[in-house]
Amino acid sequence: MIEAMDLTKSYGGRPAVDRLSFRVRPGAVTGFLGPNGAGKSTTMRLILGLDAPTGGRVMINGRPYGALPAPLREVGALLDAKAVHSGRSAYHHLLWLARSNGLARRRVDEVLERVGLASVARKRTRGFSLGMGQRLGLAAALLGDPGILILDEPVNGLDTEGIRWIRTLLKGLAAEGRTVLLSSHLMSEMELTADHLIVIGRGRLLADTTMRDFIDRNSRAVTLVRTPDTARLRTALEERGALVHPHEAGAWLVSGLTAATIGKIATEQRIELHELAPRTSSLEEVYTQMTEAAVEYRASGEGSVPRIRAETMS
Amino acid sequence: MTTVATKDRVGFGNVLAAEWTKAWTVRSTMWTPMVMMVLITGFAVFVGATRSLQPDDTILGGSLTGAVTAQIAASVFGVLVVSGEFGSGTIRATFAATPRRGAVLAAKAVVVAVVMFTTALIGSVVAYQIGTEMLTGEGYASGDAFPAVLGIAVCCAAVGLLGLALGAVLRHSAAAITTMIGVLLLPSLFGPLFGDLQRWVAGASPMAALEKLTQTSDASPDTVGSLGAWPSLSLVCVYSATALVLTAWLVRRRDT
């Protein structure tokens, strides 16, 4: 269990994390979502005691991180796959970590085997691809067999097979009763992996709910229609207040009317329909809609030059 | 959940074991003590072969000409033990594994002190043996090797710790090494510019302590003051201890 209470972190007077309160519960994968600069990484560093909060606090199993007797046995974290001394081998990187928390040496071999790096364990990490770095970071997180895992963008740089492997791994870990906090920019992946969501924007909590509930509550009802008589149907629907947008391959997306109403209008007007399908929004659509207001790095105008705030921390 | 614990609470021994493992698993910190050894003994061979001593020099002073370069190597070792971690970001893994940052710094200090003391001691003894073999019977006084070699070893350890402190404060290898070399060399280079104060400026530097300990003819009271070898060494130890305490205070407060 991770519990944040009014957690606040300011850099030069500007809050990166602003009175954030949430709980990450065991037995589920909790997705941590937010646009770039929303405060996800800062929050994770605060949880791990790497940065000191300006206000509020965050507890791990009821204690501040710094008070854990053997941190790696309670919390495994992957913050930055590249944050490994490139001159040290994967094996030795894990070995010093194991020694720091009094973990048995065999754990190093076990986790290397588990993440599929056993064959390159003695190679210096300088030559590692981003995907291999992620696997090493995951091995480090799993080293102490912790009940809590905190993973910042773990699927970055992994191939399809690797992404699938992480998904299965994380779901398995949650099923064992562990707490898994996961951030990712890949919405489709997040939708498949996470059971619960914590969404932040500009350092503030936007949502803390189940995946299903988040999508249901924030979806707009949209119906996909396909007809050979586009012009008539469009006019008929727009007269009833619907919004009609062209979609791919000659289909149209209709919002503002239910599928039943659209069907009824088509029948009344004797318009032939080839397809009439209510669509549930994907996490990506819901998320994009919801965070638009909170987006900090919005492309400005036609030039699409990102307006990056000078004081934003990386 | 299965338990992989072999012990319940992480102690200083674990932190020390981790820091020790780190030091011998990257080339930069593994090679520095060896370079240091080569420098000390290499200079002894050079001085012995070329007889490049002043008439009033001791064999000890001549054969330990390389001690000054060994001291620079020691400071580089101290810097590298910590700055590489900041450069690569490994320091986050370190502080996540051991939230007691003071303990991390203390463990690094033990590693630096032990490795530098041992290397410098062995190097100095071997260098003195080489010098004695090559220079005995040439009319030079032999000098009092013991306990001077112990002092030289302590001085290298103390300078290594100064490097450690600077590396942790500056968090950048090149910046810390450059500053460290400046701290070591500038007092004796610019000392003469200070006139009568030269004895104080140059005399209070780690380099002066080393020159006094090796009993070289360079260590005249005019240039490095009349403070004895052992008080000078104590002064260097005070620098290092103060630097480490300030660094520990800073590292504990700073975000990583």
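B:Q215 is found in the loop of chain B between α10 (206-214) and α11 (221-224), where helices (H or I, at least four residues) and strands (E, at least two) are DSSP runs numbered from the N terminus. Although B:Q215 is not a glycine, its phi is positive, at about 55°. With a relative accessible area of 27%, B:Q215 is partly exposed; buried means under 20% relative accessible area, exposed over 50%, and partly exposed in between, computed with a 1.4 Å probe on protein chains only. This is a predicted model, in which local features need pLDDT of at least 70 and side-chain atom pairs count only at pLDDT 80 or more, while totals for chains, interfaces and linings use all residues. Residues are numbered from 1 along each chain as its sequence is written, chains are lettered from A and ligands numbered from 1 in the order in which they are written, and side-chain values use heavy atoms, with hydrogens and water left out.

A positive phi also occurs in chain A. A:D6 is not a glycine, yet has a phi of about 50°. In contrast to the loop position of B:Q215, A:D6 is found in strand β1 (residues 2-11) of chain A. A relative accessibility of 46% makes A:D6 partly exposed. Most residues other than glycine have a negative phi, and most peptide bonds are trans. The peptide bond from B:F146 to B:P147 is cis, with omega near 10°. B:P147 lies in the loop of chain B between α6 (101-135) and α7 (148-170).

The loop between α6 and α7 of chain B also holds B:G139. This glycine is exposed, with a relative accessible area of 70%. Its C-alpha atom is 9.9 Å from that of B:D57, although B:G139 and B:D57 are 82 residues apart in sequence.

Along the principal axes, the C-alpha atoms of chain B fill a box of roughly 75 × 40 × 25 Å. Of the 256 residues, 51% count as buried. Contact means heavy atoms within 4.5 Å; of the contacts in chain B with a separation of 6 or more, 80% are accounted for by residues 24 or more positions apart.

The surface of chain B comes to about 11,000 Å², of which 68% belongs to carbon and sulfur atoms. Accessible areas come from the Shrake-Rupley method with a 1.4 Å probe, and for residues only the protein chains shown count as cover. The mean positions of the 15 positive and 13 negative charges of chain B are 21 Å apart. In this count, Lys and Arg are positive and Asp and Glu negative, while His and the chain ends are not counted; the place of a charge is NZ of Lys, CZ of Arg, CG of Asp or CD of Glu.

An unreviewed UniProt entry places the feature "domain: ABC-2 type transporter transmembrane" at residues 16-207 of chain B. UniProt positions are given in the numbering used here, feature names are shortened, and annotations may be inferred rather than shown by experiment. The span of residues 16-207 is 78% helix and 0% strand, and its end C-alpha atoms lie 30 Å apart.

Chain A exposes about 14,200 Å², with carbon and sulfur atoms supplying 50%. Its 41 positive and 34 negative charges have mean positions 6 Å apart. For chain A, the UniProt annotation "domain: ABC transporter", from an unreviewed entry, covers residues 2-227. That span is 34% helix and 29% strand, and its end C-alpha atoms lie 52 Å apart.

Within chain A, A:R167 is found in helix α6 (residues 160-175). Leaving aside neighbours within four places in sequence, A:R167 is in contact with A:E189, A:L192 and A:T193. The C-alpha atoms of A:R167 and A:M190 are separated by 9.0 Å, the two residues being 23 apart along the chain.
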